[in-house]
Amino acid sequence: MPIRWRLTVFNALVLGAVLLALGLALFLLSRGALFSGIEEDARDRALAAAETVESGEDLAPDEAERLSLGGIFVVIRDGQGQILDQTVNSVPRQEIQDPVWSQALETGQPVGGTASYSPSEPDYVYAVPVNPPESSARVVEAGRSYESATETLETFTVILVGAILAAVLLSVGGAYLLARAALSPVSAVARTARRITESDLSKRLPVVRPKDELGLLTATINKLLGRLEAAFARQEKALSQQRRFAADASHELRTPLTSITGYARMLRDWGLEDPKTAREGIVAILEESERMRGLVESLLTLARGDADTSLELAPGDLGAVAVDAAKTARAAADGKIAVEYSPPGKPVEVSFDQARIRQAAVILLDNAVKYTPEGGKVVVRVGQENGWATLEVSDTGIGIPEDELPLVFKRFHRADQARTQSASQGGAGLGLSIARQIAEAHGGRIEAKSKPGEGSTFTLWIPWSKPTP
Ligand code: ADP
C-alpha cells in the first residue's frame, strides 16, 4: 500500500477511535444526567404528595396540577393497590408483576423502580408508603416516563454520530491531501533517479522544498551523487592514463625487440660466416637487451610505486646519499664531465627512504650527465629550507626549452631528439616520472629550472616529517 494511503488509513483509525470513545463517554454522561433528572423529579413529587396525603388532606385540583407539572403523574392507592385518587395525566395502567407500590407496602420504605405505564417507553416510579389517620390511602406513587429523555438522547446520538463521521471524513480527506502534497516530490525524484546511470552522473534530483525532510534527503543524495561523479571521473582518468601507459610501454618495448629480431635474423642468414658481422650483431643484441631490461625495470618501478606508496622511512644523512649517487654518476661520466658534491654548512638529517631517494638522485644525476656536453660540470648539493630538506642537481648542459619544462615529468616524455646529440643518449622518458613518484610518496615534490644552452637545475624537496595521509 502506498505511504499516503497508509498515513490516511492510520489517521482515520486513530481519529475514529478517539472520537468514538469521546462520543460514547459523552453519550453515557448525558444519559446519566437526563435519567437521574427524571428520577429526582419523580422522587421529590412523590415525597411532596405523600406529605400532603399524610396530613389527611385530599389532592386539591390546584395541588394536583402543581404536582403533575413537567409530565409527572401522581397516584394514591389503598392497601390493596386500588387507586383512590390520581392526577389527570395519569396514564392507563397496565398489569405488571410485582409493581413498585407493592414493594413499598411490603417493605414500609419508599421504593424507586421502573414500571411500564406508558405505552412505548418505561416509566420511573417512586412509591412512598403513607398511613393517614382518616383515610384508607396507604401508598403514594409519582412517576414520569423516560420518553422525553430517550428522545433527547436519540437526537443527540444522531448529531454525535454525524459529527464523528464528518470529522473522520474531513480528517481523512485532509490527511490524504497533505500526504499527497508532501510526497509529491518523491515521484519526481524517482523519475530523475531512473535517468541517472553510471555513464551520466551529471543529473541531480529536484529539491522542491529544501527545508523539509524530503528536501534534506534529496539534497544529501545530490551531494552523494556529486561525490560519486567526481570519483567516477577520477577513476576514468586513472583508467585512461593506465591505458595510455600500457600502449606507450608496448610501443617502447617493440622498438628494441624489432632490432633484436633483425640482428638475430642477420646472424642466422649470413652473420655466422663473417665473424666481424657476427660480433657486431651480438653486441647490438646485447645493447638492445640491456635497453629493454632497463625499460622493463623502470616500468616495474613505476607500477610498484603506483600500487604501493609505503616507504621504509628512517632518519639519515641526505648528504651521504648525494655523495653515493655522485660516485655512480662520476663513473658513468667517465671523466668527460666533472661531477661534484658541494657539502652543506651543517649535515642534513631527515627521515626518508634511503634506497628510493638514492634512486631519484641517481636519475637526476644520470640525466645531468646525459644531457651535458663534454667538458661540462654537474654539481649536487643538499640543504634545508623552511621545514624542507632539498637535494639539488645542477648542470651546465643543453637545458630544456621553457614550453617543455612542465612536460619533462610526464611518463614517456622525451625531448625532441634533434636537441640531444644522439638518439642513444635519451632513455624511454620514464626517469623523471619515477623521481617525481618517489618525491610525492615522501610528501614532497620535484621542481625543474632551466635555460636552454646554459644548463638545468632539478630540486627534490622532502618534508622534515611526512604528512600522515
Ligand atoms: P629520459 O630517460 O629520456 O632521460 P627522463 O624522464 O629522465 O627520461 O627525462 C625526460 C626528458 O627530460 C629527457 O628526454 C630530456 O629531454 C629532459 N631532461 C631531463 N633531464 C635533463 C637535463 N638535466 N638537461 C636537459 N634535459 C633534461
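This is a predicted model: local features need pLDDT of at least 70, side-chain atom pairs count only at pLDDT 80 or more; totals for chains, interfaces and linings use all residues.
Residues are numbered from 1 along each chain as its sequence is written, and side-chain values use heavy atoms, with hydrogens and water left out.

Trainee: Which element gives the most residues to the lining of the largest pocket?

Mentor: A pocket here is an open set of points on a 1 Å grid over the protein atoms alone, where a 1.4 Å probe fits, with protein on both sides within 12 Å along at least five of seven lines, and lining residues have an atom within 4 Å of a point. The largest pocket is lined by 44 residues, and Asp-366, Asn-367, Lys-370, Gly-427 and Ala-428 lie nearest its centre. Among the elements that give two or more residues are helix 5 (213-271), helix 6 (275-307) and helix 8 (354-370), helices being DSSP runs of H or I with at least four residues, numbered from the N terminus. With nine residues, the one that gives the most is helix 6.

Trainee: Between which domains does the second largest pocket lie?

Mentor: The 13 lining residues of the second largest pocket include Gln-241, Phe-245 and Arg-411, which are among those nearest its centre. Helix 5 gives the most to this lining, with six residues. Domain bounds come from an automatic or database domain assignment, and because both domains give residues to the lining, the second largest pocket lies between domain 2 (196-308) and domain 3 (311-463).
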